[in-house]
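Hi,

Here is the structure I said I would pass on to you. Please have a look at it first, and then read on for my notes.

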Amino acid sequence: MASSLCDLHHNQITSYLPCISAQVRLNAYTVNGQTMRSMLNLQHRALSSHSAYVGGAVFSPLHPNYLARGHMKARLWAVRADSSRRDSQQLYYRPESMKAAAPTASGKFIGFAVGAGLVLAVVFGRNFGDEGLIFLAEGLAFNQNVEEVDFSANGITAVGLKALSDVLPLNDFLKALNLSGNPVGDEGAKGISVMLEKNRGLLKLQLNSANIGDEGAKALAEMLKKNSCLLVIELNNNMIDYSGFSALAEALIENKTIRAIHLNGNYGGALGASAFAKGLEVNKSLREVHLHGNGIGNEGARALISGLVAHRGKITTVDIGNNSIGSKGAFHIAEYIKKCKSLLWLNLYMNDIGDEGTEKIAKALKQNGTLTTIDLGGNNIHAVGASHLAEALKDNSVLTSLELSYNPIGPEGIKALAEVLKFSGNIQILKLGWCQIGVKGVEHIAEALKYNTTISTLDLRANGLGDDGAASLARSLKVVNETLTSLDLGFNEIRDRGAFALAQALKANEDPAINSINLASNFLTKYGQVALTEAKDHISEVHDGREVNIYF
């Protein structure tokens with residue numbers, strides 16, 4: 001069998017395609033004004049064939065120079081049925097037969113491929129508009145293969161969505177539909193809702209940044225009351241206010257299948273959060289709640305946590321970042337952390353819980369036995385708050401990812417954390433960017449790295465480390481560390497002297513685990529870059545081709 005599809009001519013594709021089981025992905029490119037219909041007229045006979053079709057025309061390899069003339073470029077990833085290895089090749093194609101006709105207003109078209117024996121994920125996105133969707137819908141009407149379709153950012157309106165009215169209600173093969181970035185508005189949301197009321201196949205619907213307001217949200221809520229298949233709905237960055245939140249909450253009471261709801265970047269406020277909480281109290285199926293950037297404040301946090309505590313299912317993910325939550329709201333969140341036995345991931349990024357709120361969260365972490373990831377970035381946490389977290393880590397071996405970036409922790413706060421991390425906790429991902437650590441603070445981290453056996457990813461961006469800070473870390477990198485694989489030192493005013501120290505450390509380490517160092521946005525000249533490149537080559541030569549990626 002050929003090692004890649006690039007080795008095949010069109011008359012050989014027939015024998016190869018049945019061996020492919022995973023994903024075909026076609027990106028959108030201008031196709032020289034050829035009609036959408038001639039490219040996308042997928043007939044039932046094409047679906048039963050073993051050939052690869054674009055609008056009914058067999059694809060054949062084409063030299064990349066054809067791209068300059070406006071032909072289609074397709075990228076195809078193929079995974080053989082008997083292997084988990086992905087062979088990645090970029091292919092260049094043009095349809096062998098097309099009929100000329102008037103293009104759409106944008107003059108941009110895309111391709112659509114279907115072949116027997118394939119499970120296809122087809123990705124679109126070149127502003128093909130309503131007219132393009134009409135032709136695409138004709139192909140999907142006969143679909144028995146495509147499982148995922150991405151129509152995002154294509155200028156589709158409510159008018160164009162009507163073309164899907166004969167596709168979605170009865171199509172059980174399509175599992176994921178992405179319409180994000182299209183101005184479908186409330187009318188479009190209403191149309192989609194009607195189409196999905198009886199659909200028994202779609203599992204994921206994405207309508208992010210789609211100009212949907214309360215009326216559209218109400219229509220989608222009515223759909224959720226009747227639909228018994230959809231697992232994930234995304235409505236991020238729309239214009240949904242209190243009444244829309246209230247309607248969706250009522251839907252949660254009746255819906256028994258939804259697993260994740262995304263309402264980030266809307267206008268729920270405290271009242272919307274309170275209304276949503278009422279739905280949470282009764283619902284049993286929901287696992288993920290995403291309400292980032294809704295301005296819910298302390299009162300909204302109190303109401304929402306009340307609903308989460310009463311929830312009868314097993315919530316694993318809660319995103320309430322950027323919601324103006326202070327220390328009072330942190331008290332309620334801490335109580336939830338103590339009581340919840342299923343929570344795995346919690347995002348409190350860009351609130352304002354401060355040291356007082358951090359103390360409450362830290363005490364709760366001592367009692368929690370499930371939470372693996374917490375994001376406390378941008379919460380005005382100082383050295384005192386960091387000390388509270390350090391104490392919590394002494395008694396917590398479950399938490400593996402801790403985000404503290406954009407907090408003025410300073411050297412003293414880092415010292416408290418570093419002392420604990422030498423021998424305690426189970427932190428694997430530690431993010432401390434923009435924490436005002438300085439040279440003094442990084443010395444504590446460098447010392448901790450000599451003993452720590454859990455940290456694999458360390459982010460120290462924009463901490464004013466300079467050459468002296470880089471040299472401190474370099475001394476620790478000389479010691480054999482079997483866990484640290486990724487180190488981010490971007491934006492740290494490091495110059496050639498610091499680069500030389502890091503290069504020497506990499507050469508000196510007899511068994512370096514590290515495979516990625518980011519030094520972007522520093523002040524390295526070609527001399528520092530050459531030193532690091534030589535260190536990279538040395539590791540490859542001494543350690544049987546081991547790769548270390550160094551970014552300048």
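Let me start with K338, which is partly exposed because its relative accessible area is 26%. For that scale, buried means under 20% relative accessible area, exposed means over 50%, and partly exposed lies in between (1.4 Å probe, protein chains only). Please keep in mind that this is a predicted model, in which local features need pLDDT of at least 70 and side-chain atom pairs count only at pLDDT 80 or more, while totals for chains, interfaces and linings use all residues. Residues are numbered from 1 along each chain as its sequence is written, and side-chain values use heavy atoms, with hydrogens and water left out.

**Salt bridges**

The side chain of K338 meets that of E335 in a salt bridge, at 3.2 Å from N to O. The term stands for a side-chain nitrogen of Lys or Arg within 4 Å of a carboxyl oxygen of Asp or Glu. As background, side chains of opposite charge can pair when their charged atoms come close. E335 and K338 sit 3 residues apart in helix α11 (residues 327–339), so about one helical turn separates them. Helices here are DSSP runs (H or I, at least four residues), as are strands (E, at least two), both numbered from the N terminus. E335 also counts as partly exposed, at 26% relative accessibility.

D467 pairs with R497, with the closest N and O atoms 3.9 Å apart. Because D467 lies in helix α16 (residues 466–477) and R497 in helix α17, this pair ties together parts that are 30 residues apart in sequence. D467 is buried at 13% relative accessibility, whereas R497 is partly exposed at 48%.

D511 and R546 form a salt bridge too, at 3.4 Å from N to O. Here distant parts of the chain are linked: D511 is in the loop between α17 and β20 (516–518), R546 is in the loop between α18 and β21 (549–551), and the two are 35 residues apart. D511 is partly exposed at 35% relative accessibility, and R546 is partly exposed at 29%.

There is also a network of salt bridges, which links E222, K225 and E250. K225 belongs to helix α7 (residues 214–226) and is partly exposed, with a relative accessible area of 22%. Beyond its neighbours within four places in sequence, K225 is in contact (heavy atoms within 4.5 Å) with E250, A251 and E254. K225 and A251 are 26 residues apart along the chain, yet their C-alpha atoms are separated by 5.3 Å.

**Helix pairs**

Helix α17 (residues 496–508) packs against helix α18 (residues 526–542) at an angle of about 10°, with the axes 8 Å apart. That makes α17 roughly parallel to α18. Axes are lines fitted to C-alpha atoms, for helices over the stretch in contact, and angles run from 0 to 180 degrees between N-to-C directions; under 35 degrees counts as roughly parallel, over 145 as roughly antiparallel, 65 to 115 as roughly perpendicular and the rest as oblique. Among the residues making this contact are F500, L502 and L506 of α17 and Y527, L532 and I539 of α18. The contact residues divide into 10 nonpolar, 2 polar and 3 charged.

Helix α12 (residues 354–367) and helix α13 (residues 383–394) come within 8 Å, axis to axis, and cross at roughly 0°, so α12 is roughly parallel to α13. The contact of α12 with α13 has 5 nonpolar, 3 polar and 4 charged residues.

**A buried leucine, and the whole chain**

L205, in strand β9 (residues 204–206), is buried, with a relative accessible area of 0%. Leaving out residues up to four places away in sequence, L205 touches L177, I192, L196, L220, L230, V232, I233 and E234. A176 is 29 residues from L205 in sequence and 6.1 Å away, C-alpha to C-alpha.

For the chain overall, there are 18 helices and 21 strands, and buried residues make up 55% of the 552 residues. Of the contacts with a separation of 6 or more, 86% involve residues 24 or more positions apart.

Best wishes

Definitions and conventions: Ala, Val, Leu, Ile, Met, Phe, Trp, Tyr, Cys and Pro count as nonpolar, Asp, Glu, Lys and Arg as charged, and the others, Gly among them, as polar.
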